[in-house]
Amino acid sequence: MKRLSEFSKLSPDVFNACINFDKKTLSAGKLSAKLKELIAIAVAHTTGCPYCIDIHTKGAKKAKATKEAIMVATALKVGSALAHGVNALIAFDESN
């Protein structure tokens, strides 16, 4: 994460556009900032990005979310693993 600023030197306009897009997207609008951070936690678990998990969990805590959001995101990741496990079972049973 410390090296992100290198992008601002390589392509300042694009880097600033990305940063501004992120800030505007996560600020309160029709959805609250808290809800947006909760969505971000779930997506971060799905993508497996440790930096996003860290940043958005802290953002959700700041917005007064509880640890329950972490369990919801974790449960969905477990559900995904089980669903993929079913695909593996089917492939195993169909193979010769």
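Helix α4, spanning residues 50-62, has 13 residues and reaches 18 Å from its first C-alpha to its last, close to the 18 Å expected at 1.5 Å a residue; the expected span is 1.5 Å times one less than the number of residues, and helices are DSSP runs (H or I, at least four residues) numbered from the N terminus. This is a predicted model, in which local features need pLDDT of at least 70 and side-chain atom pairs count only at pLDDT 80 or more, while totals for chains, interfaces and linings use all residues. Residues are numbered from 1 along each chain as its sequence is written, and side-chain values use heavy atoms, with hydrogens and water left out.

Within α4, H56, G59 and A60 are buried, where buried means under 20% relative accessible area, exposed over 50% and partly exposed in between (1.4 Å probe, protein chains only). Seen down the axis of α4, the buried residues fall within an arc of 100°, so they line one face of the helix, the arc being that of the directions from the helix axis to the C-beta atoms. The face turned away from this buried side carries the exposed residues P50, K58, K61 and K62. The cover of the buried residues includes α2 (12-26) and α3 (33-47), with contact taken as heavy atoms within 4.5 Å.

Two residues may be set side by side.

| Residue | Relative accessible area | Class |
|---|---|---|
| D54 | 38% | partly exposed |
| L10 | 69% | exposed |

D54 lies in α4, whereas L10 is found in helix α1. α4 is followed by K64, whose phi is positive, near 80°.

Definitions and conventions
Helix = DSSP H or I, 4+ residues; strand = E, 2+ residues; numbered from the N terminus.
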